[in-house]
Amino acid sequence: MAGLLLSSTEKVFIIHGVQDDYRSDGRSNIDYRPMELETDVVSHASGSSRLRLANTDILVGVKTEIDVPKPDKPGLGKLEFFVDCSANATPEFEGRGGEQLANSISNMLERAYHSPHAFNLKQLCILEGKQCWKLYIDILILECGGNLCDAVSLGVKAALFNTRIPFVKAVLMDGGNVDLQLSDDPYDCKYLDVASGPLLVTLCKIGDKCVVDPSAEEESCSVVSLVVGITGNPKFYVTAEEAKNMPDVELKCSMIGMNGPGSVAPKTFKDAINQGMVAAKCLDKALGQALLRERQENTSFKKHSYGFLK
Amino acid sequence: MPLDYRRFNGPEDSVSYKIYTKDYIKPYEERYNELLDENGLRKDGRALNEARSMFARTDMVSQAKGSSYVEFKKTKVVCSVFDPREIPHQNEFSQLGQIFCEVKFAPFSCPRKRRPHAPDNEERALSVALRQALEPTVCRHLFPNYQIDVFIYILEHDGSCLAAAINAAGLALADAAVPMYDIITSCSLAVIGDKVFVDPTEAEEHVAKTSLEDSNINHGIVTMSFLSELKQISDFTQVGSMDVECITKAMEVLEVECEKLVPNFQRIMVMNVIHNFEQRKRLDDEAKEREEALNKKMEEWKQLMSAG
């Protein structure tokens with residue numbers, strides 16, 4: 001982080017705090033900072049969300065398009081992630097400066113959403129072997145205040161939860177060519193099932209322990225961080241009555257990667273993954289509640305827009 | 001998508017005929033059943049927990065400072081390391097030296113498809129993973145404001161190419177006499193259900209990556225690079241879907257496999273040193289012989305001169 005100067009004593013203070021599970025802003029090692037989430041913010045997208053976590057600001061838009069499925073996966077749709085680091089976020093992103101970061105984030109998302117346990121691509125199928133939906137998930141980084149991966153994954157899941165796909169009214173076959181007729185009614189649509197969508201949790205190694213959602217000061221005390229993608233629990237994305245009838249699902253890792261020039265000991269690594277699981281579970285629960293509330297407000301026209309980028 | 005104009009590409013919406021062949025559209029179950037025979041052995045006769053035998057040597061590329069060639073049966077990788085040079089297009093002074101990695105697939109290296117000339121997503125991801133793995137092991141403070149170039153060329157890809165690339169790069173860096181903290185080794189494994197395939201081939205990786213939608217089994221690929229003397233993990237990448245237990249188990253297996261490679265690497269490096277010494281000795285001996293012969297001639301001439 002540019003312009004941040006920490007003396008060695010300040011660093012020692014932070015490291016000792018982390019050791020005792022108590023951070024300088026009063027959080028414990030698995031607590032996130034408060035965040036703001038709003039869905040349905042872009043009118044021309046099928047689904048969108050805006051997330052603000054401390055100083056990080058993310059806007060996600062989902063566009064849908066009809067495409068031909070791959071011949072070896074005739075029954076599956078397609079997902080494509082694109083991250084845009086605009087120079088508004090930090091001057092470092094100017095020109096091609098943000099390209100590497102953007103690539104690494106979109107790569108991580110792609111890996112995390114790869115497994116059918118994380119996102120079932122079958123729901124994007126229209127006509128097996130002929131037509132499927134392709135979702136373009138565009139992620140715009142408006143302000144960069146650290147902990148990008150976590151914020152982006154939350155924003156993506158929220159935007160996908162918000163995505164509406166129009167129903168197909170009729171299919172005409174004309175000598176092998178498919179002609180689809182989509183419903184014109186904007187409310188005649190289906191929502192996607194993204195309840196098991198993965199959340200990325202970045203664990204920053206400070207001393208022998210790891211913290212989630214590090215502040216800029218904490219980031220400067222650490223040389224390596226672990227990114228763990230953990231699938232969501234569908235229970236959190238339905239109302240309480242429905243959740244009672246649902247079977248318990250085991251959370252799974254759908255992606256693990258490392259960032260930064262350092263290395264970790266095997267024991268720290270194991271602890272970090274377990275810690276990431278706990279953090280992801282809390283985060284997923286909170287996200288599920290917020291998204292359900294948003295959807296209810298949306299369907300009953302009670303939604304009050306809190307303004308865009310205030 | 002930028003097209004390669006030096007070759008005939010065909011119409012824009014054309015696809016390779018191979019994707020309609022029986023081999024390509026085989027269903028998942030058939031692919032899975034093909035991996036193991038009735039004795040529980042893999043296609044190439046290995047047991048599940050048996051890694052492929054390795055062939056490795058250094059001094060492949062004479063122009064490079066250090067180079068290596070690593071072969072795990074059908075996975076073949078060449079690596080070359082060049083002298084440190086000043087970091088291009090950089091305004092600020094960087095305290096630590098940088099490692100620039102580039103992984104490239106040969107156009108003919110992969111089954112099913114031809115690799116394009118322009119670097120694609122997978123190659124870029126591999127380059128990033130390689131740099132992540134190498135950074136902790138190189139003493140970067142010894143060459144501030146300089147970068148070391150590490151180039152990997154994958155000649156043939158038959159699974160676990162990242163592991164092979166990291167192994168090759170570690171060996172080439174050592175061959176180039178770049179100061180390092182430890183020997184770096186790497187290994188990967190594929191998980192399908194309760195079976196763990198150590199050092200998977202391409203076919204095994206392919207099945208592990210794609211799983212049936214409705215089943216809830218563990219599947220995926222894990223690659224880990226390890227500094228065995230320091231007991232540190234320098235890179236860990238996982239794709240697929242696994243529970244925590246499976247990951248910890250994979251980690252333990254990979255740790256053992258990575259350590260198994262270390263004696264081989266040490267042997268190659270020691271052999272290199274011995275080889276160099278012998279060569280030096282031979283050169284010295286030859287030089288001495290020439291000098292003696294010259295001295296003899298000189299004596300003869302001197303005698304002739306004094307006599308004449």
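**Entry 1**

Is Asp40(A) buried, partly exposed or exposed? I looked it up, keeping in mind that this is a predicted model. Asp40(A) is partly exposed, because its relative accessibility is 28%. I found Asp40(A) in the loop that runs between strand 1 (35–39) and strand 2 (47–53) of chain A. I jotted down the background: most residues other than glycine have a negative phi.

Asn147(A) went on the page next to it. Its phi is near 55°, again a positive value in a residue other than glycine. Asn147(A) also belongs to a loop, the one between strand 6 (131–143) and helix 3 (148–162) of chain A. Here the relative accessibility is 6%, so Asn147(A) counts as buried.

**Entry 1: Arg52(A) and its partner**

I moved on to strand 2 of chain A, where Arg52(A) sits. With 18% relative accessibility, Arg52(A) counts as buried, because the cut-off for that is under 20%. Which residues does Arg52(A) touch, leaving out those up to four places away in sequence? I listed Pro34(A), Met35(A), Glu36(A), Asp57(A) and Glu143(A).

Glu252(B) and Lys270(A) meet through their side chains in a salt bridge of 3.3 Å, N to O. This pair crosses between chains, going from helix 5 (residues 244–307) of chain B to helix 6 (residues 266–299) of chain A. Glu252(B) is partly exposed, given its 42% relative accessibility, and Lys270(A) is partly exposed too, with a relative accessible area of 26%.

Next I noted Glu204(B) and Arg42(B), whose side chains form a salt bridge at 2.9 Å, N to O. The pair links distant parts of the chain, 162 residues apart: Glu204(B) is in helix 4 of chain B, and Arg42(B) is in the loop between helix 1 and strand 1 (54–58) of chain B. Glu204(B) is buried, with a relative accessible area of 3%, and Arg42(B) is buried at 2%. I also recorded one network, in which salt bridges that share partners join Asp25(A), Arg27(A), Arg33(A) and Asp213(A).

**Entry 2: helix 4 of chain B**

In helix 4 (residues 202–209) of chain B, the buried residues are Glu202(B), Glu204(B), Glu205(B), Val207(B) and Ala208(B). What covers them? The cover includes helix 1 (28–35), strand 7 (184–192), strand 8 (195–198) and strand 9 (219–227) of chain B.

**Entry 3: Gln238(B)**

Gln238(B) lies in strand 10 (residues 232–242) of chain B. Its relative accessibility is 0%, so I marked Gln238(B) as buried. Beyond residues up to four places away in sequence, Gln238(B) touches Ile221(B), Val222(B) and Ile247(B), along with Arg111(A), Cys253(A), Ser254(A), Met255(A) and Ile256(A). A polar atom of the Gln238(B) side chain lies 3.3 Å from the backbone oxygen of Cys253(A).

**Entry 4: cysteines**

How many disulfides are there over all chains? The count is zero, going by sulfur atoms within 2.5 Å. For Cys110(B), the nearest cysteine sulfur belongs to Cys161(B), 7.5 Å away. Cys110(B) is buried, because its relative accessibility is 13%. For Cys187(B), the nearest cysteine sulfur is that of Cys258(B), at 5.7 Å. Cys187(B) is buried as well, with a relative accessible area of 7%.

**Entry 5: a surface patch**

My last stop was the surface of chain A. Val168(A), Val171(A) and Met173(A) make a nonpolar surface patch of about 230 Å². Val168(A) lies in strand 8 (residues 168–174) of chain A and counts as partly exposed at 31% relative accessibility.

Key:
Residues numbered from 1 in each chain as written. Chains lettered and ligands numbered in written order. Predicted model: local features only at pLDDT ≥ 70, side-chain atom pairs only at ≥ 80, totals over all residues. Heavy atoms only, no water. Helix = DSSP H or I, 4+ residues; strand = E, 2+ residues; numbered from the N terminus. Buried < 20%, exposed > 50% of the residue type's maximum accessible area, 1.4 Å probe, protein only. Polar contact = N/O pair within 3.5 Å; in protein donor to acceptor, adjacent residues only side chain to side chain. Contact = heavy atoms within 4.5 Å. Patch = residues over 30% accessible without salt bridge, like charges linked within 9 Å, V, L, I, M, F, W, Y side chains within 5 Å. Areas by Shrake-Rupley, 256 points an atom, 1.4 Å probe, with all protein chains shown as cover. Salt bridge = Lys/Arg side-chain N within 4 Å of Asp/Glu carboxyl O.
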